[in-house]
Protein chains: 2
Amino acid sequence: MNTEQSLSESGIDEGPPSMPVVLEQLARIVGAQHVLAGQDVSARFDGWPPITALQAACIVRPRTTEEVSALLAYCDSVGIAVVPQGGRTGLSGGARAREVDVALSLERMSSIQALDRDNATMTVEAGVPLALVQQAAEAEGLLYAVDLGARGSATIGGTIATNAGGNRVLRYGMTREQVLGLEVVLAGGEVISSMNSMLKNNAGYDLKQLFIGSEGTLGVITRAVVRLRPRPATTATALIGARTFTDVLHVRERIAADTDGALSSFEVMWPELIDAAVATGRHRDPLSERHAYYVLVEVAARDADQRLERALAAAWQEGWVADAVVAASEAQAGALWAIREDSPARSAALRPALSFDISLPPSAMESYVEALRQQLLRQWTHARTIVFGHIADGNLHVSIGIGQGDEAARSAVGRVVYELLRPLRGSVAAEHGVGLFKREYMDVTRTMAEIDLMRSIKTHLDPRNTLNPGKVLDVAPASRDLAI
Amino acid sequence: MNTEQSLSESGIDEGPPSMPVVLEQLARIVGAQHVLAGQDVSARFDGWPPITALQAACIVRPRTTEEVSALLAYCDSVGIAVVPQGGRTGLSGGARAREVDVALSLERMSSIQALDRDNATMTVEAGVPLALVQQAAEAEGLLYAVDLGARGSATIGGTIATNAGGNRVLRYGMTREQVLGLEVVLAGGEVISSMNSMLKNNAGYDLKQLFIGSEGTLGVITRAVVRLRPRPATTATALIGARTFTDVLHVRERIAADTDGALSSFEVMWPELIDAAVATGRHRDPLSERHAYYVLVEVAARDADQRLERALAAAWQEGWVADAVVAASEAQAGALWAIREDSPARSAALRPALSFDISLPPSAMESYVEALRQQLLRQWTHARTIVFGHIADGNLHVSIGIGQGDEAARSAVGRVVYELLRPLRGSVAAEHGVGLFKREYMDVTRTMAEIDLMRSIKTHLDPRNTLNPGKVLDVAPASRDLAI
């Protein structure tokens with residue numbers, strides 16, 4: 001928007017300026033010490049797992065929304081692409097930059113500006129790590145509902161830009177449902193301040209929805225107002241062993257009904273995950289026999305123990321539970337979660353792990369996983385697969401080892417994972433976003449009309465393709481394409 | 001989108017065709033018996049309360065998405081505006097049409113296409129009444145979470161187009177949070193089929209969010225996939241009397257904490273609402289004394305009675321409850337709700353009632369209501385005010401009587417209601433939408449940058465201002481303005 005004006009004002013129309021000129025201009029905006037180049041760039045990784053060194057012409061670290069606005073207006077006017085970065089814990093390549101891009105790190109915009117206990121809202125800058133948001137809420141007896149393994153590094157802005165899911169979606173919804181207000185800077189530098197703090201606000205289009213989950217391609221999120229919840233008094237955790245996937249679905253239904261809104265996690269693990277964890281020597285199998293399926297259940301409520309035990313007893317009587325252990329202490333609950341969260345154990349077992357994040361109807365999961373295993377084994381005779389996920393949300397995480405970890409391997413395995421989803425109209429990106437790696441499979445999940453409309457909105461809001469180009473969508477090159 | 005093409009194909013560029021020609025073309029698309037004109041139009045009302053007869057050149061009633069697409073493509077190409085209509089129960093004039101507009105009723109697209117019990121989703125056409133969606137879910141032991149007084153007439157499509165709230169937002173969120181997939185027809189006739197049925201799907205921009213709550217100005221909703229929930233086993237209802245608004249806030253906090261996710265309604269009523277209900281002779285005051293505030297509380301869970309009684313006992317001991325009655329039967333619970341839902345009682349007391357739907361932080365409500373009463377009395381010495389609302393959601397409904405009910409009166413009273421919200425950054429449209437009546441007050445709630453961006457999106461998706469023109473936004477007249 002208004003790019004023509006900026007362009008003509010800049011007086012530059014014969015191609016982008018040289019990088020020293022760009023660095024000097026950026027230094028004027030944010031201060032020279034906040035424009036990093038050379039080794040300060042390459043010492044960082046560009047995503048998770050941390051194997052690829054960050055490439056970028058520089059990292060620019062603004063302190064204020066005004067600085068973000070000024071640097072975007074400048075970059076947009078001279079045709080330099082900008083890649084917004086939070087904690088760089090994404091798995092989809094959404095924060096990956098090219099050598100000619102400016103990486104925009106929100107790390108200095110990291111203050112919690114307000115916590116309104118009475119109205120249960122928090123106002124935060126985008127660069128605050130998720131864990132600090134959680135802790136600030138906890139200090140006031142409240143809960144910020146999103147939780148995920150990368151909580152220490154992932155930023156609130158990054159989780160909003162990717163609409164992160166995590167362990168408690170079942171009860172509280174994804175990040176989208178926690179965001180009340182948002183401040184966003186558009187490609188041309190316009191600041192859209194939509195810092196609503198009310199639960200209900202139908203005054204016009206709900207613009208923030210457009211930016212949540214758009215992975216930095218439509219605007220840079222600078223601030224947010226998030227919703228806080230009452231903090232459940234106690235938590236009860238159990239690990240269940242089940243004989244069949246149908247039994248798992250029955251257990252889910254029974255526990256959801258009997259715990260009445262207090263079920264916060266229902267994590268299913270195929271037995272290979274337990275095997276991989278036990279093989280490290282860091283964990284012991286909490287159940288005495290091996291089971292076809294394991295379910296990690298968490299109930300959070302004032303009387304969580306009673307509710308979970310009542311529900312488990314009912315599921316046991318109905319014959320859907322083969323074995324179960326209820327954590328008798330926080331330490332025991334932590335040990336159960338540690339099995340689920342030990343992603344190095346999976347990497348070690350699969351050497352390396354190629355990881356995928358998909359959605360499909362729970363009723364189709366069992367046959368999908370079976371078909372996936374068979375097809376992988378046909379192509380790679382030593383293929384190994386570890387499956388786990390938030391099945392009540394329809395979300396599976398699939399980790400696959402074929403003895404290779406390069407982009408070609410990921411691409412070849414990805415083809416199998418995603419193509420099998422096509423007849424199920426599953427999603428190739430459940431809670432991790434599309435980034436760079438899943439772009440070519442968007443049509444598994446979305447119709448061409450949908451993708452065309454996304455592209456049309458992208459081009460309308462960012463006509464020169466300045467913001468995170470090539471992520472989510474393959475947009476036609478801008479007039480000054482910088483692709484290398 | 002693509003309007004130039006449609007326009008040139010139509011071969012018409014010297015102004016809109018005559019209405020007989022338009023009716024004939026529409027009849028070719030949907031069948032002559034489904035193009036209503038004359039008395040068949042004026043016999044309908046255009047909103048709630050049912051006082052204004054519908055104006056429109058005709059009502060067209062398509063049966064399929066393809067027919068919606070064809071008729072929009074035609075109207076867009078010849079410059080005829082289209083006003084989508086559901087159950088016409090909205091309070092904001094969103095379904096009001098002009099004499100030159102085509103009213104597009106979704107009433108024949110009224111089938112429930114699928115109910116997937118295992119995955120807890122329902123696929124519906126837009127014209128299905130909300131009550132039928134609720135009943136279909138109930139028949140399978142599930143719950144469609146949105147509920148509101150107009151359930152018998154309001155359509156699922158209308159509730160999605162306005163992001164309806166209602167009585168259970170506290171627990172389940174607004175309509176937005178119930179919608180998984182959406183099929184929408186754009187102004188030019190393009191069908192965007194986004195019939196996702198998964199809880200988690202981050203594959204690209206979440207386009208449906210753009211159309212939910214856009215009040216028919218960006219696209220016509222033709223079908224949806226909605227989320228269903230486990231149905232709570234039992235419901236417990238109580239009416240509480242409280243001495244101060246601070247006590248009400250304390251009661252809210254105590255009950256929310258002690259019922260652990262099972263609190264489904266927390267409706268506060270100022271005493272004038274009880275007075276108005278009792279004055280009709282249809283209700284008796286359930287409490288023996290008059291109180292400063294009344295709260296209707298509903299808990300839905302397996303052990304709802306126990307939970308509510310435990311929470312009430314705690315709030316009583318803490319001194320925040322002056323009196324309370326717990327419904328001993330469904331009939332008694334129904335009688336308590338009937339007081340809250342008796343809007344004719346309020347109309348009778350206020351002769352007529354001018355109704356407003358606003359949001360503000362709960363902590364600011366008491367002083368807002370006091371200031372509002374004083375300012376109204378300064379302007380109208382006989383002004384009477386009845387306040388009630390979903391206060392845990394930050395949402396108040398304000399009904400005001402000044403002895404006049406025309407548009408001038410509504411506008412003058414509205415100015416007082418909305419201007420007092422400005423310093424609080426409250427919302428002029430909490431759960432009812434902007435429609436026609438609140439358009440001029442959007443800037444109380446939204447920044448100019450937000451409104452400009454809304455306008456930019458509207459113009460991008462509907463360049464000829466074909467869809468519900470003048471609603472939500474005052475968009476610059478299209479090339480062929482039909483304003484009368």
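Predicted model: local features only at pLDDT ≥ 70, side-chain atom pairs only at ≥ 80, totals over all residues.
With a relative accessibility of 4%, Asn163(B) counts as buried (under 20% relative accessible area, 1.4 Å probe, protein chains only). Beyond its neighbours within four places in sequence, contacts of Asn163(B) (heavy atoms within 4.5 Å) include Asn202(A), Ile212(B) and Glu431(B).

Residues are numbered from 1 along each chain as its sequence is written, and chains are lettered from A in the order in which they are written. Local features need pLDDT of at least 70, side-chain atom pairs count only at pLDDT 80 or more, and totals for chains, interfaces and linings use all residues, while side-chain values use heavy atoms, with hydrogens and water left out.

Chain B is superposed on chain A by a rotation of 180° with 0.0 Å of shift along its axis (RMSD 0.0 Å), using least squares on the C-alpha atoms of residues with pLDDT of at least 70 in both. The two copies are thus related as by a two-fold rotation axis. In chain B, the C-alpha of Gly261(B) is nearest the axis, 2.7 Å from it. The copies meet through the same surface, because 100% of the interface residues of chain B are also interface residues in chain A.

Five cavities of 30 Å³ or more were counted. A cavity is a set of points, on a 1 Å grid over the protein atoms alone, where a 1.4 Å probe fits but cannot get out; lining residues have an atom within 4 Å of a point. The largest cavity has a volume of about 610 Å³ and is lined by 38 residues, with Arg176(A), Glu177(A), Arg176(B), Glu177(B) and Gln209(B) nearest its centre. Elements giving two or more residues to this lining include β8 (179–185) and α8 (208–211) of chain B. The second largest cavity, of about 80 Å³, has among its lining residues Tyr205(A) and Tyr205(B).

How values were computed. Buried < 20%, exposed > 50% of the residue type's maximum accessible area, 1.4 Å probe, protein only. 1 Å grid on protein atoms, 1.4 Å probe; cavity = no way out; pocket = protein on both sides within 12 Å on 5 of 7 lines; lining within 4 Å. Points joined across faces, edges and corners; volume = space filled by probe spheres on them. Helix = DSSP H or I, 4+ residues; strand = E, 2+ residues; numbered from the N terminus.
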